[in-house]
Amino acid sequence: MNKASLGQWYSKGDVVIRQGEYGEHIYAVQEGELEVVKERKGGGEIRVAVLHAGDIFGEMAILQKEVRSATVRTLTETRLLTVDKKTFMSRVHEDPSLAFNIVRMMAQRIRALNAQLGERRARVERRRLERRTGKQRRVGPRRSGQ
Amino acid sequence: MALVQRTAQPGDNLAAYFAGNEGRRLALTDGSRVGVIGGGPAGTFFTYFLLRLAESVDMNLSVDIYEPRSFTCQGPAGCNHCGGIVSESLVQLLATEGINLPPSIVRRGIESYVLHMDVGNVRIETPLREKRIAAVFRGNGPRVSEPVGASGSFDGYLLELAAASGAKVVRKLVNEIAWDGGRPQVTSSDGSSATYDLLAVAAGVNSRVPQLFSEVAPQYRSPKTLKTFICEFKLAPEALDRHIGPSMHVFLLDIPRLEFAALIPKGEFLTLCLLGHDVDNALIDTFLGAPEVKACFPDGAMPTPVCHCFPRVNVEAAAQPYGDRIVWIGDAGVARLYKDGIGSAYRVAKAAAKTVVHHGVSSEDFRQHFWPACKRIDNDNSIAKLIFAASGLIQKRRFLRRGVLRMTANEQRRGAARRHMSTVLWDLFTGSAPYTEVLSRSFHPEFPAMLCWNLIAGNLVRSRPNGSEERPHE
């Protein structure tokens, strides 16, 4: 590890935060890549986003005082800087504009999720249409055969 | 052409609006020109936030930063003379602002402090064991350092950040300040002049710039200052790792006139930062001759410093560091006493930028919206004087030092959930928390009780000679 780098190193595959747990920290990605995954009720997981250097995560549980909404796992060797809840919240009360960068990042994430949702809906719609068309095709010859 | 005066609009500031003519205020508008004297942290943070906030309200500003110094130069020519510690809280706040300090400018990540006293020493670890304190060189480094370019200098990095935000860096020395039709005018060493809608003065206390304002801004009085001593030693990397490690070493020694001293590792160098009253060669020699200090060097032999300076630091706020179209930030205005000067520069610079963009640039705007941020630091400094008086008492009384050492060492050894003394010392030495918070921590009912017990136990039961808790670094 570089003696000059700030934060802490995580190995590939390490879980930094786990869905459903309470958290006291926000994380700023200094180097490396991480994935954000949502655990499904029936088992398995779905990747929601990939985080890179400069991204911040873990803020939702701090701002909403709720459990972590997703699991964040490293995809590569990753260096993270931890931001304490107390340091962050006390400064936000003094200087609300401190949250501006986080709000902007959350807005970007909502936009990306909306786009993903739109794509997924379009895909489902397309499949439904394809199934319907396929059914009609299958039904068509039978009718003609009668 | 920048409009320099406009009538307040409903919604801007209702009190001012309903006050009639008083509602006419000075404000920046699209195309306004801003001059910033000084390209250190205060000037560059101010510029960065000013341009970012202006952009968020669709205001296009033109900013000139006057900085004759090239931070790529080795030694004093490229240095802003400072201990070079970016505090734990500032590192975190900058990260949330989207400013992540790259390894190229962080010469060493600090993860613990070692407190040295004549009765022994103790290491204070961060709860997370994470490197969140950055040891940096404000310029390229000492005289004998390898040239690393702007990417290796903290001030150079911030100046590049400000330039990338759209500011223009003017490599000229400011020679004269005057008023031009009610607006500040800056004349440079080559005789060229420029008039601005706002002038931010971030020239610190170690230049002759504050003297330029004696006639044009008589309400401003420079801050009171204290002479400090900073020097750099060059050590072999193995020696640095073994004797210093990833820790900052602070000293509470019973030496007259000594307020605070620290050794900070930075790459292949070790910076000594000494604060005291009337710092002179006698005080420096006494400090360097102390066995606790010598023990930090290989074989107890002190190498010859490769670079040194006697910069001044702000110890009492400037009087009225604002006026119509002019504001003093950083050390030239208000700074945190002894610690986290870069952190207070960030706070004050951001408060000034917010005032300018969201309120205006009149003296009244600064008094209402900028001065409270300065006053918070100033009030906190009053508490600091109380805390440093207590720390001075500990420096002078051996039995107090034993109690402090024992209490801290026990907390660190046991990994106690409530680290009263460790937290107080950590916040005091790192400058991470306001002094008010440090004081309030010592009001916890367990704190005096534990201290009393450790004072008794530390002075009556002394099984370990000297009570030393420190081992060589791994």
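1. Basis of the model. The model is predicted, so that local features need pLDDT of at least 70 and side-chain atom pairs count only at pLDDT 80 or more, while totals for chains, interfaces and linings use all residues. Residues are numbered from 1 along each chain as its sequence is written, and chains are lettered from A and ligands numbered from 1 in the order in which they are written.

2. Domains. Chain B is divided into domain 1 (5-83 + 151-223 + 317-383) and domain 2 (224-313), the bounds coming from an automatic or database domain assignment. Between the C-alpha centres of these two domains of chain B the distance is 33 Å. Domain 1 of chain B gives 11 residues to the contact and domain 2 of chain B gives 14 residues; two residues are in contact if their C-beta atoms, placed from the backbone, lie within 7 Å. The side of domain 1 of chain B that touches domain 2 of chain B has five nonpolar, five polar and one charged residues. Here Ala, Val, Leu, Ile, Met, Phe, Trp, Tyr, Cys and Pro count as nonpolar, Asp, Glu, Lys and Arg as charged, and the others, Gly among them, as polar.

3. Six-stranded sheet. An open, mixed sheet of six strands in chain B has the order β10-β4-β3-β14-β22-β21. Helices (H or I, at least four residues) and strands (E, at least two) are DSSP runs, numbered from the N terminus, and two strands pair if DSSP finds at least two bridges between them. At the edges are β10 (168-170) and β21 (322-323) of chain B, each pairing on one side only. Strands β14 (residues 198-201) and β22 (residues 326-328) of chain B run parallel and are joined by three bridges; V201(B) has W328(B) as its bridge partner in β22(B).

4. Three-stranded sheet. Strands β11-β12-β13 of chain B, in that order, form an open antiparallel sheet. Its edge strands are β11 (174-180) and β13 (193-195) of chain B. Three bridges join β12 (residues 183-188) of chain B to β13(B), and T187(B) has S193(B) as its bridge partner in β13(B).

5. Contact with chain A. The contact takes 23 residues from chain B and 24 residues from chain A. On the side of chain B, α3 (88-97), β6 (106-110) and α8 (341-358) each supply at least two residues, and α3(B) has the largest share, seven residues. By class, this side of chain B has nine nonpolar, six polar and eight charged residues.
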